[in-house]
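Here are some notes for a first look at this entry. Please read them with the structure open beside you.

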Protein chains: 2
Amino acid sequence: MSKVFVNIGLSLDGYMAPEGMTLEHWSEPEYKGWGAKWGSLMAWALKQQYLRENLKLGPGGETGPVNDLLRRTTERIGANIMGKRMFDQGEHSWPEEAPFHTAVYVLTHERREPWVRPGGTTFHFIQEGPERALELARGSAGPRDIRIAGGADVIQQYLNLGVVEELEIALAPVLFGGGRRLFENLREPGPQLRIDRVLENPAATHVRYVRS
Amino acid sequence: MSKVFVNIGLSLDGYMAPEGMTLEHWSEPEYKGWGAKWGSLMAWALKQQYLRENLKLGPGGETGPVNDLLRRTTERIGANIMGKRMFDQGEHSWPEEAPFHTAVYVLTHERREPWVRPGGTTFHFIQEGPERALELARGSAGPRDIRIAGGADVIQQYLNLGVVEELEIALAPVLFGGGRRLFENLREPGPQLRIDRVLENPAATHVRYVRS
């Protein structure tokens with residue numbers, strides 16, 4: 001059966017996104033320095049050949065173990081789940097060929113018809129909550145896995161449902177001082193985790209935790 | 001000159017201590033499960049031969065790279081600085097031969113004569129603030145380094161003074177869901193860090209960050 005996993009970048013102080021990184025200030029990356037902070041969080045990924053190709057950022061990029069990790073992670077995904085805020089931000093940022101190439105289930109209160117993008121990405125807007133979104137994702141992922149893409153509040157919901165089997169974190173050596181924390185609002189007891197794998201790199205420490 | 005460093009255990013969700021771990025509930029480790037949580041945070045250390053010997057926990061223990069790391073870290077310390085809460089808790093927990101074997105500067109508002117323990121540990125109670133404590137620590141550390149031992153609020157004060165040169169974190173694969181966070185109340189811009197070294201272990205991921 002498909003596994004449910006999270007794969008995100010995290011600042012050393014535990015933030016998924018810096019303060020000021022909201023739709024309202026999307027065109028002002030200098031606002032509270034959010035653009036520079038986001039760049040420092042994602043630097044490890046943005047210089048990888050695979051991501052550069054997928055996001056149409058241009059040729060070149062690294063092709064070592066971190067690139068292999070990105071490729072393997074992307075290739076295992078059969079469906080994505082995300083929150084409305086993440087979708088709204090992505091709608092302003094993704095290339096026309098949105099970088100998912102799977103069904104994407106967007107948790108929202110708004111009704112909207114499925115939005116089909118070139119390259120195999122279709123966004124489905126789900127009003128019936130996270131469990132229903134997961135059910136639909138399982139139906140469309142086939143033998144591949146389901147990625148809870150974010151943001152923080154959506155990941156928290158799935159952690160609290162007890163369905164997250166793997167938590168992959170790229171811990172970047174940056175301090176944001178504020179923003180959206182990943183680990184908040186968690187129900188007790190939380191998942192029991194063990195360290196499955198660590199990949200060292202100067203730009204981030206990649207740790208995979210699996211539910212034990 | 002002596003370096004100023006931090007070396008701590010941290011839960012994956014960023015806590016140095018679980019909720020309920022206060023002097024008031026010191027003899028009730030079952031209170032909010034703090035004893036079990038603390039044990040899971042420090043499991044990596046408590047099974048090392050060097051720490052078992054230093055804390056008089058009994059013979060045996062691991063003697064691999066994590067044990068070497070603990071030994072090297074301890075041997076580089078010429079003086080410790082800690083907060084009053086950490087001291088108060090330690091006063092209830094340390095063996096008579098307190099496990100520091102250096103001068104320890106305790107930040108407090110209370111006046112108290114230096115407290116000399118067998119084995120070379122002397123606690124000095126400093127009312128004049130963190131900068132004065134650091135000055136005194138530099139005076140007594142000789143060529144060795146100065147460890148900011150904790151708790152979270154004291155580490156935050158030294159991070160905000162901009163004097164912390166190395167930040168060593170043993171990131172344990174546990175979620176506390178609440179407690180004392182390390183990374184809060186940080187002034188911007190915080191220190192610029194780079195990853196200096198990662199040591200993998202099933203019980204914790206040991207990452208050293210140095211100011212760049």
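**Notes on the model**

1. Start with a loop in chain A. A:Lys32 sits in the loop between β2 (15-18) and α1 (34-46) of chain A. Its phi is near 50 degrees, a positive value in a residue other than glycine. Keep in mind that this is a predicted model.

2. Two peptide bonds deserve a look. In chain A, a cis peptide bond joins A:Gly150 and A:Gly151, with omega about -5 degrees. A:Gly151 belongs to the loop between β7 (145-150) and α6 (152-161) of chain A. In chain B, the bond from B:Glu188 to B:Pro189 is cis, with omega near -10 degrees. B:Pro189 lies in the loop between β9 (179-181) and β10 of chain B.

3. Next, the sheet of chain A. Its 9 strands form an open sheet in the order β5-β6-β4-β3-β7-β1-β8-β11-β10, and the pairing is mixed. The edge strands are β5 (115-116) and β10 (193-199) of chain A, each pairing on one side only. Strand β10(A) pairs with β11 (residues 205-211) of chain A in the antiparallel sense, over 6 bridges. One bridge can be checked by eye: A:Leu193 has A:Arg211 in β11(A) as its partner.

4. Now the sheet of chain B. Here 9 strands form an open sheet in the order β5-β6-β4-β3-β7-β1-β8-β11-β10, again with mixed pairing. β5 (115-116) and β10 of chain B stand at the edges with a single partner strand each, so one side of each has no neighbour in the sheet. Strands pair through backbone hydrogen bonds, either parallel or antiparallel. Strands β4 (residues 103-107) and β6 (residues 122-126) of chain B run parallel, joined by 5 bridges. Within this pair, B:Val106 has B:Phe125 in β6(B) as its bridge partner. Strands β10(B) and β11(B) run antiparallel, joined by 6 bridges. They form a hairpin with 5 residues between them. B:Arg197 stands opposite B:Arg208 in β11(B).

5. How are the two chains related? A rotation of 180 degrees, with 0.0 Å of shift along its axis, superposes chain B on chain A at an RMSD of 0.0 Å. The two copies are thus related as by a two-fold rotation axis. In chain B, the C-alpha nearest the axis belongs to B:Gly14, at 3.4 Å from it.

6. Turn to the contact between the chains. It takes 28 residues from chain B and 28 residues from chain A. Of the interface residues of chain B, 100% are also interface residues in chain A, so the copies meet through the same surface. Together the chains bury about 2300 Å², 62% of it on carbon and sulfur atoms.

7. Which polar links cross the interface of chain B and chain A? There are 4 salt bridges. One of them pairs B:Glu184 with A:Arg181, the closest N and O atoms being 3.8 Å apart. The count of residue pairs in polar contact between chain B and chain A is 4, with both residues at pLDDT 80 or more.

8. Which elements supply the side of chain B that touches chain A? Those giving two or more residues are β8 (166-172), β10 (193-199) and β11 (205-211) of chain B. Strand β10(B) gives the most, with 4 residues. The residues on this side of chain B divide into 18 nonpolar, 3 polar and 7 charged.

Technical notes
Residues numbered from 1 in each chain as written. Chains lettered and ligands numbered in written order. Predicted model: local features only at pLDDT ≥ 70, side-chain atom pairs only at ≥ 80, totals over all residues. Heavy atoms only, no water. Contact = heavy atoms within 4.5 Å. Buried area = accessible area lost by both parts, 1.4 Å probe. Salt bridge = Lys/Arg side-chain N within 4 Å of Asp/Glu carboxyl O. Polar contact = N/O pair within 3.5 Å; in protein donor to acceptor, adjacent residues only side chain to side chain. Nonpolar A, V, L, I, M, F, W, Y, C, P; charged D, E, K, R; others polar. Least-squares fit on C-alpha atoms with pLDDT ≥ 70 in both. Pairing = 2+ DSSP bridges.
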